[in-house]
Amino acid sequence: MGVFEAPANLSGHEQVVFCQDKHSGLKAIIAVYSTALGPALGGTRFYPYENEDDAVRDALDLSKGMAYKNSLAGLDLGGGKAVIWGDPVADKSEALLRAYGRFVESLNGRYITACDVGTYVDDMNIVAKETSYATGRSTEDGGAGDSSILTAYGVFCGMRAAAEHRWGTPNLAGRTVGLAGIGKVGRYLIKHLLDDGASVIATDVSEQARAWLTTNYPQADFVDDTDALISSDIDIYAPCALGGVLNDDTVPILRAKIVVGAANNQLAHPGVEKLLADRGILYAPDYLVNSGGVIQVSDEIHGFNFDRAKRRASKIFDITGQILRTAESEGIPPAVAADRMAERRMAECGRLRSILLP
Ligand SMILES: NC(=O)c1ccc[n+]([C@@H]2O[C@H](COP(=O)([O-])OP(=O)(O)OC[C@H]3O[C@@H](n4cnc5c(N)ncnc54)[C@H](O)[C@@H]3O)[C@@H](O)[C@H]2O)c1
């Protein structure tokens with residue numbers, strides 16, 4: 001796929017950089033969607049794509065999503081993302097990560113990287129040997145550490161805002177939350193939910209995750225798969241595993257009245273937001289409620305302070321409420337209201353750079 005000829009939903013990027021280092025085997029694509037609000041921040045996905053088209057498509061799609069997420073989170077950061085094309089288990093090496101770091105450095109701060117699928121805190125420590133533009137490093141190295149802590153907290157704040165909009169109180173006591181994906185984010189989220197008085201029914205494909213739940217939270221229930229979960233008597237559905245889970249098959253059988261979760265790209269295709277609205281299901285857009293992680297790592301740019309980052313993540317409650325109210329008053333799905341708000345901030349605040357400062 002030619003970058004300039006990309007379909008409309010994948011085009012409009014400022015810059016796409018192809019990076020290669022034959023000796024280490026590095027093949028990476030760094031996509032900068034927008035720097036209207038500041039340097040483009042977004043993680044590095046290390047993934048064995050089937051072909052180059054899939055890698056380019058993912059970089060374009062994810063970088064655009066980051067621009068919207070960072071804008072809504074109120075960050076003075078644009079949106080970017082990088083993909084490393086390869087098998088993270090077989091192909092990752094110090095030399096490859098450092099070669100990648102040198103390409104990030106060559107952009108001189110237009111792109112700031114972080115962790116994503118297939119890259120971890122230890123990897124960012126290595127990338128940071130070659131660039132000052134890497135976040136998501138370990139706390140011992142001045143980094144923000146595991147971003148799933150504030151991702152889970154932000155999802156919890158978004159869920160309380162959605163509950164208030166729907167039921168008049170943010171309190172989750174007495175509600176049942178169906179959670180798919182007992183991973184890094186899911187595990188922190190379960191604690192917030194139980195502490196707030198909610199009941200939890202969870203599922204995961206991993207036997208280890210099931211064992212973790214039984215050991216740590218015996219009061220939570222476990223069901224075998226996502227179909228069983230979404231057809232259970234749940235008030236809120238929290239997708240915290242994979243994308244594409246809200247689709248033509250799942251929405252018709254979903255019993256929850258609210259969907260709020262961490263997984264990226266939950267809507268399988270444009271139009272699903274309308275299916276949800278038609279069934280009276282309130283959907284808080286994923287990139288709105290899962291921005292706690294990027295808020296956490298972005299704090300590293302100025303010297304990490306967990307309390308400050310948590311205060312910022314708590315604003316997800318206010319923004320979610322604002323978007324749900326706007327959607328209702330304008331008669332549009334929340335996903336459309338969120339897109340519009342993100343675009344407006346990029347346009348209005350981005351424009352200010354045209355006022356020349358001496
Ligand atoms: N970690 C973050 O800070 C962060 C930030 C923003 C968004 N997200 C998104 O949130 C989601 C969860 O992230 P994570 O860091 O917890 O990932 P993770 O890999 O730690 O956890 C995902 C869990 O989902 C389970 N899973 C996979 N397929 C499943 C299925 N079909 N049904 C049920 N469970 C399944 C896995 O076994 C795993 O336990 C991902 O979509 C991620 O992109 C994460």
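Glu-300 and Arg-137 form a salt bridge in this predicted model, with their closest N and O atoms 2.9 Å apart.

- The protein is divided into two parts: domain 1 covers 8-67 + 77-141, and domain 2 covers 148-344.
- If you look for the C-alpha centres of these domains, you will find them 26 Å apart.

**How the domains meet**
- On the domain 1 side, 11 residues are in contact with 6 residues of domain 2.
- Together the two domains bury about 720 Å² between them, and carbon and sulfur atoms account for 66% of that area.
- Within domain 1, the residues that lose the most area to domain 2 are Leu-41, Thr-135 and Arg-137; together they make up 37% of what that side buries.

**Polar links**
- Between domain 1 and domain 2, 2 residue pairs are in polar contact, counting pairs with both residues at pLDDT 80 or more.

**The domain 1 side**
- Helix α1 (residues 52-72) supplies the largest share of the side of domain 1 that touches domain 2, with 3 residues.
- Sorted by class, that side of domain 1 has 7 nonpolar, 2 polar and 2 charged residues.

Note on methods
Residues numbered from 1 in each chain as written. Predicted model: local features only at pLDDT ≥ 70, side-chain atom pairs only at ≥ 80, totals over all residues. Heavy atoms only, no water. Domains from an automatic or database assignment. Contact = heavy atoms within 4.5 Å. Buried area = accessible area lost by both parts, 1.4 Å probe. Salt bridge = Lys/Arg side-chain N within 4 Å of Asp/Glu carboxyl O. Polar contact = N/O pair within 3.5 Å; in protein donor to acceptor, adjacent residues only side chain to side chain. Helix = DSSP H or I, 4+ residues; strand = E, 2+ residues; numbered from the N terminus. Nonpolar A, V, L, I, M, F, W, Y, C, P; charged D, E, K, R; others polar.
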